[in-house]
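Have the sequence and the 3D view ready.

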Amino acid sequence: MLPRSLRSVLLTCLLLASSPSIDGAKRRSRLDLPISKPADAPLEDNLATASGSEPAFERVEAPAAITPAAAAVATAPAAVATSSAATSAETESSANVSGSGSAENSSQMIDEYSDEECDPDFIAFELVTGYVFSAPNKLLDSMPGTLMLTDCLEACQNNDSCASVNYETGLCVLFSSNSDKLPGALTKSQFPVFTIYAQKSCLKLRPCERAWCIDRVQGYKLNGHVKRTAQVVSRRDCIEMCLGENEFTCRSANFYQATMSCELSDMDRITLAGSSAFQTNDGADYLENNCAEEPTKLCEFKRLSGRILKTVDSVYQDVASVDECRELCLSSPYRCHSYDYGDTGDMVCRLSHHSRATLSDIQDPYLDVPEAATYELSSCYNVSIECRAGDMIAKIRTSKLFDGKVYAKGSPNSCSVDVKSALEFELRMGYQDIDCNVRQNGLGRYLNDVVIQHHDTIVTSSDLGLAVTCQYDLTNKTVSNDVDLDVTGDIEPALSEEVVVDSPNVVMKITTRDGSEMMRTAEVGDPLALHFEILDPQSPYEIFVRELVAMDGVDSSEITLIDARGCPTDHFIMGPIYKSNKSAKILLSHFDAFKFPSSEMVQFRALVTPCMPTCEPVQCDGDDFGGEFRSMVSYGRKRRSVNGTSTSALIEAALRHRRETTRQAPQDDMLLVQSIQITDKFGFEKQQGAKPKISSSETVFVGQRWTRNLCQRTG
């Protein structure tokens, strides 16, 4: 985390960059960190200029939508011409030595080419985030006030002499050489903001229409998931092999310089987000295919509170709303994975192809701003419907590995498909299958509701509803991909009376997140807490909580929330047990409201153990709500003898113990029970044209308008 003083400086710069210029212009400018004299320049400055001279540059006008403020443009030259002569000369000297020493390797690594000889349609760019190219004598041009990475790349593409660029938000620098010709000139540059280095290449195949083709991460690889391995003569050959793969979707590749081997994979950092597959490897280059097609129909954004990126790819001003900013992200000329709105200036929208899943190799990529927020793309879904003679098939494609189930609403067990780590899956529903509950509405018109559930057992706020329709008539029609999707929810539970267990008197109840009041109604996704409290404030005991189980009360479906050690089994569903700030006699555990698909009743059961004078917490390791691995404490402990004993057996034993004794001695297990009645309202019948709304919830869903899937079939 940055020191408070530096955070204040960076935030001030961001806010100044977003304020109007002196002449009253409405446009906002970039994050600017000017250096007053060469001695102040960092050793790894983000721009190397010609020694002893100020660089010459011409003003390049940005599109009207992003024209920077005049005041910001005026300050940019100062930031451009600040590298110390000694540092620049030393950098170039080392680069020249390294470059001459590895001339043969460079010729093997990448074919020499001339932009004059390359068809513009075959020019592509390769990005390296967190690195800066320092070659003072190779500098072609500097473009202060550039707020779009795409504008920077376009300037290089249109300049036949340009071989690479350095980009920060508000500054673009063009060079006539690249890091393959001068390997020693490419060094890390991640603080106080991170630089993006882009290298131009002439490929043997036509690249996609996106702004760049490859994101390269030096010293990393994607472990496992290799679909094909081949020997190549250069890194470019490995890139071309991935871009040209036809048998499967090549999303990434590992290139090993020492062995000249290339590993192709159908996975990348996005599809495997949250896993440990992305690992360091000194001899590898990780190559991520930005041309890989991703689902874009319905996208789920998750709010990352208190952080904004220091460097972004695009800055738009005069954006009317956060919805419009989100649409700019989804329609960007690259794979946009995060955005923020209004945090660096009024009506300012900033986009980036990065998220936490792609920034693990960058030091402190975020600026901590308590009142700000970044919205990160979690996953997207494309759904198509195949209408056949006797059934309909819902086919789902996602951008992130999916674990859960898909089922016909009302039939979570009889008409369902369990999905394990898949990007594509489908549900077949027969028209004559009673279990799938397909409804006929008029002649040749069949309808059903489908639920995409992210957890095997319970319904959460992340789950999606899909209304599907197949229409059969005598005219030729096509399958529409406009799907009817929405957040499941609108749950209104009614809570039962609290249950009190003697010796000591302990109560379990469901409350607001801070434990201040009992909740009588809630919706799926509402922030709640399980509240465990010793009622007697003078009691000599404290308590542990473990073996917390949620049951549906119908078909004995159950899910363990807190295990035998007292640790949460899934941080997404329920957090650790912690002591309240108000009293050591109160324990709380946060969770978002959920339900079982087959029942309107959720019953919580927990084993509670008293101890005196205090209870020592257990250490739990795992991913927190933000997907980051960390160690935390929870007030639970392992049962003295739980060897092979099931949860139901423990509960039975506790119940029998309560019947056989009239008073429980300290250290005996107590059984606490609390039930919630939940009704399911998925909202399948919402009116067409309804738009998704952003609330204080951590999850935002974005999809098409409320139009149903129609599949027309000729008779």
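Tyr 375 counts as buried, with a relative accessibility of 8%. Buried here means under 20% relative accessible area, while exposed means over 50% and partly exposed is in between (1.4 Å probe, protein chains only). Tyr 339 is buried too, at 1%.

This is a predicted model: local features need pLDDT of at least 70, side-chain atom pairs count only at pLDDT 80 or more, and totals for chains, interfaces and linings use all residues. Residues are numbered from 1 along each chain as its sequence is written, and side-chain values use heavy atoms, leaving out hydrogens and water.

The ring centres of Tyr 339 and Tyr 375 are 5.2 Å apart with planes at 15°, so this pair is stacked. For Phe, Tyr and Trp (its six-membered ring), rings pair if their centres lie within 6.5 Å; planes under 30 degrees apart are stacked, over 60 edge-to-face, and the rest tilted. Tyr 339 belongs to strand β15 (residues 338–341) and Tyr 375 to strand β17 (residues 366–387), so the pair links parts 36 residues apart. Strands (E, at least two residues) and helices (H or I, at least four) are DSSP runs, numbered from the N terminus.

Together with Tyr 197, Phe 133 and Phe 175 make up one aromatic cluster.

## Charges over rings

Lys 227 lies over the face of Phe 248, 5.6 Å from the ring centre. To count, NZ of Lys or CZ of Arg must be within 6 Å of the ring centre and within 35 degrees of the ring normal.
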